[in-house]
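User: I would like to go through this model with you, one topic at a time. Please keep the answers plain and give the cut-offs as we go.

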Amino acid sequence: MTIKQSSDHQLNCLIVDDNVAAIDSLTYYLGQCDETVLVKSFVDPLFALSFLSESSCQIDLLFLDVDMPSLNGMDFLSIIENGLKYGNPAVVLTTAHASYALPALENSKYTRGFLCKPFGYQRFLSMLEKVKSSTKLDTVLKRSSPKADDKDYLLVKDHGQRETRHIKIVKSDITHIKGGANYPTVYTLDSAFLVRITLIDLSEKLKEYMVRVHKSYLVNLSLIDSIYTHTLYLVNGVEIPLSISHRASLMNALSKANETLS
């Protein structure tokens with residue numbers, strides 16, 4: 001079922017569920033949100049795979065039923081995670097049995113949470129906000145705004161491929177940077193780039209977004225989820241070492257950020 005064409009300012013969503021009533025509920029909920037658009041829905045997961053592999057439309061968020069007869073959600077996830085042609089959508093599992101979703105939550109790089117059926121509109125909204133926070137899907141909206149200034153991008157040489165290539169990375173998409181013996185690695189939520197630039201230079205170029213928390217690590221201040229004595233966690237679950245010598249500067253940066261937002 002095709003719902004409507006998405007605009008440049010909306011998150012493209014896909015539903016895969018063999019239950020028509022469940023699709024109808026999600027369709028209604030998505031229709032109530034200005035920032036989401038349902039591109040298509042499928043009762044047959046095999047048709048959904050074909051769409052993902054052949055369509056030129058990028059899917060940002062996939063609502064995936066776990067218990068389906070022809071191809072269950074776990075196998076569906078495995079297929080799209082192991083094939084570049086399927087894109088890299090954030091995935092919310094929908095299931096009547098929460099325990100079915102736990103393996104995917106632990107092992108899948110795409111899964112951001114689950115909705116236990118039946119669920120209401122408020123539960124749906126809460127999950128949508130969680131997904132946006134944990135994956136920074138809201139940057140899709142920012143990126144689609146008219147012509148972002150070049151200062152919002154980091155242009156680097158990526159040495160992770162067979163041939164060196166120049167990469168333009170949205171600065172706010174960078175989760176953290178890890179220094180290495182030769183070159184640092186710049187991480188986003190779904191990619192990693194081995195770059196030919198020093199950690200000190202990266203720190204200067206990204207000072208509006210990143211803070212040093214260890215001699216070998218820079219992290220995106222807005223993507224920190226929790227802080228402990230010697231470690232911190234990002235919203236995507238990545239664990240970063242925190243040195244005592246950098247703890248004070250981190251807390252100071254967080255304090256200034258909170259003052260700016262208040």
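User: Which strand holds M210?
Analyst: M210 is found in strand β11, residues 210-214. Strands (E, at least two residues) and helices (H or I, at least four) are DSSP runs, numbered from the N terminus. This is a predicted model, in which local features need pLDDT of at least 70 and side-chain atom pairs count only at pLDDT 80 or more, while totals for chains, interfaces and linings use all residues. Residues are numbered from 1 along each chain as its sequence is written, and side-chain values use heavy atoms, with hydrogens and water left out.

User: Is M210 buried or exposed?
Analyst: M210 is buried, at a relative accessible area of 8%. Buried means under 20% relative accessible area, exposed over 50%, and partly exposed in between, with a 1.4 Å probe and protein chains only.

User: What does M210 touch?
Analyst: Apart from neighbours within four places in sequence, M210 contacts I174, T175, H176 and I177, as well as L218, V219 and N220. A contact means heavy atoms within 4.5 Å.

User: What about aromatic pairs, how many does a search find?
Analyst: A search of the whole structure finds eight aromatic pairs. Rings of Phe, Tyr and Trp (its six-membered ring) pair if their centres lie within 6.5 Å; planes under 30 degrees apart count as stacked, over 60 as edge-to-face and the rest as tilted. One of these pairs, Y29 with F119, is tilted, at 6.2 Å centre to centre and 50° between the planes.

User: Which parts does that pair tie together?
Analyst: Y29 lies in helix α1 (residues 20-31) and F119 in the loop between β5 (111-116) and α5 (121-135), so the pair ties together parts 90 residues apart in sequence. Y29 is buried at 12% relative accessible area, and F119 counts as buried at 15%. Ring pairs also link Y28, Y29, F63, F119, Y121 and F124 into a cluster.

User: How do β13 and β14 run?
Analyst: Strands β13 (residues 224-227) and β14 (residues 231-234) run antiparallel and are joined by three bridges; strands pair if DSSP finds at least two bridges between them. S226 stands opposite Y233 in β14, and a hairpin of three residues joins β13 to β14.

User: Finally, what is the mean pLDDT of the chain?
Analyst: The mean pLDDT is 81, and 81% of the residues reach 70 or more; pLDDT is the predictor's confidence in each residue, from 0 to 100. Over residues 1-8 the pLDDT is below 50, and this stretch has 17 contacts in the model beyond near neighbours in sequence. Where pLDDT is low, the predicted coordinates should not be read in detail.
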